[in-house]
Amino acid sequence: MSTASSTATATTTTTTTQRVALITGASQGIGAGLVAAYRAQGYAVIANSRNIQPGDDAGVIAVPGHIGDRAVAERIVQTALDRFGRIDTLINNAGIFLAKPFTEYTLADYQAAFDVNVAGFFHLTQLALPQMLLQRHGHIVQITTTLVDQPIAGVPAGLASLTKGGLDAVTRSLAIEYAKSGVRVNAVRPGVIKTPMHAPQTHEFLAALHPMGRMGEISEVVDAVMYLERAGFVTGELLNVDGGQHAGR
């Protein structure tokens, strides 16, 4: 499933008044929900995932490719600047979660997690920031995980904690670094969300991991991101959307 409308092509740079959001992991799940939400707010969206395909909405431009590849990040940013001359929001949503005992992770697992969770964030954020600083406004949001602060017995998540924990830390660091520049930096930390990555037969087990006794909905993560988008005095926030997981079990 894809929400993208047209693949990226080089065009003459123009500056528009329409706000622009860059969203990774945009073809399904939380990413697709975020694309729809930002479009509903009138944003143009540059949408990335590995195999994203054009859709029917001319306001959503597809830039396919692996976000761990800096050349892909460069294409995303350049597409935004060529088409619209601005970048207002960056949502670093793409992520990999591998649940294994720590001693069973392979080098390939390690590389895959760092390529998407860390390198993808690094490349795209570093490339998008100069335009935000030039504009003196912008908003960057990471989608991390509540497991960073509240591990769950029976859910081994060492690589998620290692990589997403780094994103939590850098969110706070960048929020302070750019607090006076007009750029805000926040994170949303979901619990287990009902997305296509979770087979229906696992839902009962996954629901029981949350104090509220259910899985989260995509719309609830989207609502949190949209709150942060509107909250102009909020930066450096790590917003838990996890049915109470972060508070304990």
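Analyst: Here is the pocket, then the cavity and the chain around them. The model is predicted: local features need pLDDT of at least 70, side-chain atom pairs count only at pLDDT 80 or more, and totals for chains, interfaces and linings use all residues. Numbering runs from 1 along each chain as its sequence is written, and side-chain values use heavy atoms, without hydrogens and water.

A pocket is an open set of points on a 1 Å grid over the protein atoms alone, with protein on both sides within 12 Å along at least five of seven lines; lining residues have an atom within 4 Å of a point. Volume is the space filled by probe spheres set on the points, which are joined across faces, edges and corners.

The largest pocket holds about 1100 Å³ of space. Its lining counts 44 residues. Gly-95, Ile-96, Phe-97, Thr-195 and Met-197 lie nearest the centre. Helix 1 (29-40), helix 4 (158-177) and helix 5 (203-207) are the elements that give two or more residues to this lining. Helix 1 has the largest share, three residues. Helices here are DSSP runs of H or I, at least four residues; strands are runs of E, at least two; both are numbered from the N terminus.

By class, the pocket lining has 22 nonpolar, 20 polar and two charged residues. Nonpolar covers Ala, Val, Leu, Ile, Met, Phe, Trp, Tyr, Cys and Pro; charged covers Asp, Glu, Lys and Arg; the others, Gly among them, are polar.

Now the cavity. A cavity is a set of grid points where a 1.4 Å probe fits but cannot get out. The count is one cavity of 30 Å³ or more. The largest cavity holds about 60 Å³. Its lining includes Asn-92, Asn-93, Ala-94, Lys-164 and Leu-167. Helix 3 (107-135) and helix 4 each supply at least two lining residues. Helix 3 gives the largest share, four residues. The cavity lining divides into five nonpolar, five polar and one charged.

Last, the chain as a whole. The chain has six helices and eight strands. Their order along the sequence is β-β-α-β-β-α-β-α-β-α-β-α-α-β. The radius of gyration is 17 Å, close to the 18 Å that the globule rule gives for 249 residues, so the chain is as compact as a globular protein of that length. That radius is taken over C-alpha atoms; the rule is 2.2 Å times the number of residues to the power 0.38. The C-alpha trace spans about 55 × 40 × 35 Å along its principal axes.
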